[in-house]
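This report describes the strands, helices and backbone details of one model. The sequence and structure are shown first.

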Amino acid sequence: MKHIVILGSTGSIGASTLDIVSRFPDHFAILGLTAGTNDEKLEQQIRTFHPRVVALSSETAAQRLRARLTNHPVEILSGEKGLCTVASAPDSDLVISAIVGGSGLMPTMAAIRAGRAVALANKEPMVMAGQMMQEEAHKQGKRIFPIDSEHSAVFQSLEGHRKQDVRRIMLTASGGPFWNWSVDQMKHVTPDQALQHPNWKMGAKITIDSATMMNKGLEVIEARWLFDVPPNQIEMVIHRESIIHSLVEYCDGSVIAQLGFPDMRTPIAYALNYPERISLEPPLLDLGKIGNLTFYPSDFEKFPCSKLAYEALEGGGGLPATLNAANEIAVQAFLNNEIAFLDISRLIRDTMNAYTPHALTTIEDALEIDRWAREKASVLVKAFTK
Ligand SMILES: NC(=O)c1ccc[n+]([C@@H]2O[C@H](COP(=O)([O-])OP(=O)(O)OC[C@H]3O[C@@H](n4cnc5c(N)ncnc54)[C@H](OP(=O)(O)O)[C@@H]3O)[C@@H](O)[C@H]2O)c1
């Protein structure tokens with residue numbers, strides 16, 4: 001029996017993980033869960049999965065939950081400290097990191113520091129402080145398993161091969177809903193349009209990131225640290241059908257890929273039960289029926305966010321954390337109808353231009369840069385306000 005903690009259990013990845021756990025009660029038990037503010041959904045999950053400890057980032061939401069669960073044995077914590085306590089709970093075998101955004105950094109780091117194995121969906125902490133997270137995991141003798149479908153595909157395509165034989169990692173991208181729109185057409189994109197992803201059903205932030213192609217940029221940075229591969233060996237290619245989840249090219253010309261229907265339960269299950277696979281019984285992948293798999297080069301001019309991510313990686317230091325924080329502010333401002341879709345990349349660029357090199361040697365440095373960039377981007381939002 002594996003004892004699992006899920007950080008961000010009320011979100012899209014959290015729900016998919018719990019779906020797998022519910023189907024394999026003899027394999028997995030839930031030890032801890034966390035959420036942001038959604039105490040009602042967390043209450044349902046507590047009643048179904050009986051965790052020993054939970055936490056909400058909101059103290060008000062935690063108070064509401066305590067009031068409703070007075071006779072329940074679950075321990076209810078709150079705030080960042082509470083999230084970190086759940087993340088580092090003793091006796092857990094695996095922590096699923098699935099909070100959205102930079103808020104996941106400290107809880108994920110708490111799990112790594114406590115020597116827990118971590119399966120990572122929450123890519124933003126890797127963008128902010130990937131090197132430090134990997135160094136700490138190595139120190140603890142633990143691996144960080146990828147959950148992102150592209151990184152799970154790369155992880156699987158690397159299995160059994162020598163790292164020095166890798167020539168290139170190719171991350172596939174669906175291209176989102178606007179891949180064939182002109183820049184002129186994208187001027188008037190609404191949040192509702194941007195929230196319609198062609199292939200995946202995900203939380204709002206990553207769905208907007210997919211529409212701007214920032215998601216692929218964040219994934220390039222995530223891949224850099226997860227697989228310790230230099231940025232010039234990580235490329236992206238548009239693949240509309242999201243059947244090939246990513247590929248690794250080797251020095252002899254062999255290209256190894258992982259394929260499957262776009263269903264996050266597949267990479268989650270692989271991380272949950274590595275190295276054994278779980279029988280999820282999905283429909284058979286009928287390539288004859290699918291017919292065509294299509295590919296296009298990515299267009300950095302039309303989708304500058306992914307280019308900004310390469311620039312951040314190249315600039316190093318606190319630039320990736322700056323990019324990430326500015327993106328979070330810009331996405332929220334777009335969802336609030338404060339700025340236009342095309343202003344997301346402009347806001348990020350302006351914030352990056354305002355960044356002056358800052359030491360990045362500790363997690364506190366990353367948090368400080370994150371705080372500065374959020375403040376800067378929030379001020380800049382006003383200049384772009386519609
Ligand atoms: N969804 C996917 O298919 C997918 C695929 C690959 C990678 N990812 C990555 O996985 C992460 C989660 O994505 P998602 O789509 O599952 O997001 P989501 O549906 O928006 O869920 C986010 C989770 O984080 C919690 N949360 C939000 N703000 C928080 C805060 N300040 N402190 C603590 N918890 C907070 C939410 O709690 P409440 O419900 O209470 O707000 C929820 O449980 C993201 O980093 C994303 O890039 C997702």
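## Pairing in the sheet

Two strands are taken to pair if DSSP finds at least two bridges between them. The model is predicted. Strand 10 and strand 11 meet this condition, with 5 bridges in the antiparallel sense. One of the facing pairs is Leu 247 with Ala 257 in strand 11. The two strands form a hairpin with 4 residues between them, and Gly 253 in the turn has a positive phi of about 95°.

Strand 10, residues 244-250, also pairs with strand 8, in the antiparallel sense and over 4 bridges. Met 170 stands opposite Leu 247 of strand 10, and Ile 169 stands opposite Val 248 of strand 10. Strand 10 is largely enclosed by the rest of the structure, because 7 of its 7 residues are buried. The cut-off for buried is a relative accessible area under 20%.

## Strand 9 and the sheet order

Strand 8 spans residues 166-173 and is joined to strand 9 by 5 bridges in the parallel sense. Here Ile 169 is opposite Ile 234 in strand 9. Strand 9 and strand 12 (residues 295-297) run antiparallel and share 3 bridges, with Phe 295 in strand 12 as the bridge partner of His 239.

Taken together, the strands make an open sheet of 5 strands in the order 11-10-8-9-12, with mixed pairing. Strand 11 (255-259) and strand 12 are at the edges and have a single partner strand each, so one side of each lacks a neighbour in the sheet. On average, neighbouring strands of the sheet are turned by 30° against each other, direction ignored. In a regular strand, side chains alternate between the two faces of the sheet.

Helix 7, residues 149-158, lies across strand 8, strand 10 and strand 11. Its direction is at about 40° to strand 10.

Helix 11 runs over residues 214-226. From first to last C-alpha its 13 residues reach 18 Å, close to the 18 Å expected at 1.5 Å a residue. Of these 13 residues, 13 are buried. Asp 228 follows helix 11 and has a positive phi, near 55°.

## Helix 1 and its cover

Helix 1 (residues 12-23) has 12 residues and a reach of 17 Å between its first and last C-alpha, close to the expected 16 Å. Its buried residues are Ile 13, Gly 14, Ser 16, Thr 17, Leu 18, Ile 20 and Val 21. An α-helix has 3.6 residues a turn, so residues three or four places apart point the same way.

Which elements cover the buried residues of helix 1? They include strand 1 (2-7), strand 2 (28-35) and strand 5 (94-97), together with helix 2 (39-49) and helix 12 (265-273).

## The pair of helices 14 and 15

Helix 14 (residues 304-315) packs against helix 15 (residues 319-335) at an angle of about 150°, and their axes are 7 Å apart. Angles over 145 degrees count as roughly antiparallel, and helix 14 and helix 15 are therefore roughly antiparallel to each other.

On the helix 14 side, the contact is made by Leu 308, Ala 309, Glu 311, Ala 312, Leu 313 and Gly 315. Helix 15 contributes Leu 319, Pro 320 and Leu 323. By class, the contact has 7 nonpolar, 1 polar and 1 charged residues.

## Backbone exceptions

Most residues other than glycine have a negative phi, and most peptide bonds are trans. Asp 91 has a positive phi, near 75°, and is placed in the loop between helix 4 (79-87) and strand 5. Asp 91 counts as exposed, at 54% relative accessibility. Asn 337 also has a positive phi, of about 65°. It is found in the loop between helix 15 and helix 16 (343-354), and Asn 337 is partly exposed, with a relative accessible area of 46%.

The peptide bond from Tyr 274 to Pro 275 is cis, and its omega is near 5°. Pro 275 belongs to the loop between helix 12 and helix 13 (287-290).

Terms used: Residues are numbered from 1 along each chain as its sequence is written. This is a predicted model: local features need pLDDT of at least 70, side-chain atom pairs count only at pLDDT 80 or more; totals for chains, interfaces and linings use all residues. Side-chain values use heavy atoms; hydrogens and water are left out. Axes are lines fitted to C-alpha atoms, for helices over the stretch in contact, and angles run from 0 to 180 degrees between N-to-C directions. Angles under 35 degrees count as roughly parallel, over 145 as roughly antiparallel, 65 to 115 as roughly perpendicular and the rest as oblique. Contact means heavy atoms within 4.5 Å. Ala, Val, Leu, Ile, Met, Phe, Trp, Tyr, Cys and Pro count as nonpolar, Asp, Glu, Lys and Arg as charged, and the others, Gly among them, as polar. The expected span of a helix is 1.5 Å times one less than its number of residues. Buried means under 20% relative accessible area, exposed over 50%, partly exposed in between (1.4 Å probe, protein chains only).
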